[in-house]
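Have the structure open while you go through them.

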Amino acid sequence: MNIALVTGASSGFGQAICRKLIDDGYKVIGVARRADKLQKLAEELGANFCALPLDVTKKDAVESILLQLPKEFQPIDILINNAGLALGLEPAYQANYEDWEIMVQTNIVGLIHLTHHLLPGMVERNFGYIINLGSVAGTYAYKGGNVYGATKAFVKQFSANLRTDLLGKKIRVTNIEPGLCGGTEFSNVRFHGNDEQAAAVYEGVDYITPEDIANTVSWLVNTPTHFNVNALEIMPVAQASAGLAVYKETK
Ligand code: NDP
Ligand code: 8X3
């Protein structure tokens with residue numbers, strides 16, 4: 001297993017995963033929309049890294065660009081569906097509909113585009129590993145998590161259903177479900193470029209880092225091939241589920 005495709009490679013987890021897998025001796029294809037960021041990463045990581053500027057929401061582009069991959073970056077045995085985003089933290093009744101559409105298109109539709117395109121080859125070779133980036137937001141409801149959390153619940157259930165369809169084949173599927181992670185653009189994107197609001201999320205918190213996630217991915221891909229880690233929920237020690245909310249009417 002030596003060629004991995006990582007989506008969302010221009011920042012955060014994706015960038016750290018590319019660095020770690022290159023360090024581990026894999027060939028890595030990094031996908032994201034911002035070609036300049038990928039180009040910089042390519043200069044840092046060298047010949048074993050292939051920068052692939054691509055918008056995962058565009059099905060035709062995904063198919064045609066992946067069909068034109070250089071021979072030395074085929075076949076892809078590891079797919080890391082990491083590209084994703086949260087937009088907004090308003091309650092559902094105040095949310096921007098376009099934000100909802102973009103989250104669904106990226107976190108769900110983009111993820112199934114890549115999976116649908118690459119899975120048949122893995123089945124043909126009877127070999128492969130799909131690692132999805134879900135979230136604790138796919139399990140625990142929180143205020144303003146509405147569509148973002150629902151997209152991650154899709155990723156969790158899709159991962160489980162993939163494992164069911166792949167029973168008997170040597171293809172592994174893991175859903176990584178992180179909690180609060182800093183050092184990425186996640187909150188800057190969520191708050192539409194309000195960097196102060198984004199920074200406040202991490203103030204005074206010993207958060208999980210992109211390198212923690214990259215080390216986790218590195219561990220997963222190096223586990224024995226008979227071994228399936230179905231899901232991994234990872235939170236910083238500084239985070240915990242805070243129970244159910246109750247609204248009390250005042251008399
Ligand atoms: P970042 O915002 O730092 O990275 C997101 C990446 O996704 C960027 O490289 C971005 O690149 C890429 N991306 C977004 N839209 C598209 C698109 N349409 N096509 C291709 N690439 C796209 O966030 P994180 O690294 O923090 O998040 C990575 C994943 O982890 C996400 O799925 C997120 O939901 C999940 N996650 C994050 C947590 C956190 O607290 N940070 C916790 C739990 C889960 P570009 O803009 O160049 O296209
Ligand atoms: C990202 C973690 O708690 O902001 O998925 O939803 S959270």
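1. A term to settle before anything else: a polar contact is a pair of N or O atoms within 3.5 Å; within protein, one must be able to donate a hydrogen and the other to accept it, and residues adjacent in sequence count only if both atoms are side-chain atoms. With that in hand, look at Phe-13, where a backbone N or O atom sits 2.9 Å from an oxygen atom of ligand 1.

2. Some housekeeping: this is a predicted model, where local features need pLDDT of at least 70 and side-chain atom pairs count only at pLDDT 80 or more, while totals for chains, interfaces and linings use all residues. Residues are numbered from 1 along each chain as its sequence is written, chains are lettered from A and ligands numbered from 1 in the order in which they are written, and side-chain values use heavy atoms, with hydrogens and water left out.

3. An N or O atom in the side chain of Asp-55 lies 2.8 Å from a nitrogen atom of ligand 1, and one in the side chain of Thr-184 is 2.7 Å from an oxygen atom of ligand 1. The protein covers 96% of the 890 Å² of accessible area that ligand 1 has on its own (Shrake-Rupley method, 1.4 Å probe; for residues, only the protein chains shown count as cover).

4. Now for ligand 2. Its surroundings are Ser-135, Ala-137, Tyr-142, Tyr-148, Gly-179, Phe-186 and Arg-190. An oxygen atom of ligand 2 is 2.5 Å from a side-chain N or O atom of Ser-135; the distance is 2.5 Å for Tyr-142 and 2.6 Å for Tyr-148. Taken alone, ligand 2 exposes 240 Å², and the protein buries 84% of that.

5. Cys-50 is buried, at 10% relative accessible area (buried means under 20%, exposed over 50%, partly exposed in between; 1.4 Å probe, protein chains only).

Terms used: Near = heavy atom within 4 Å.
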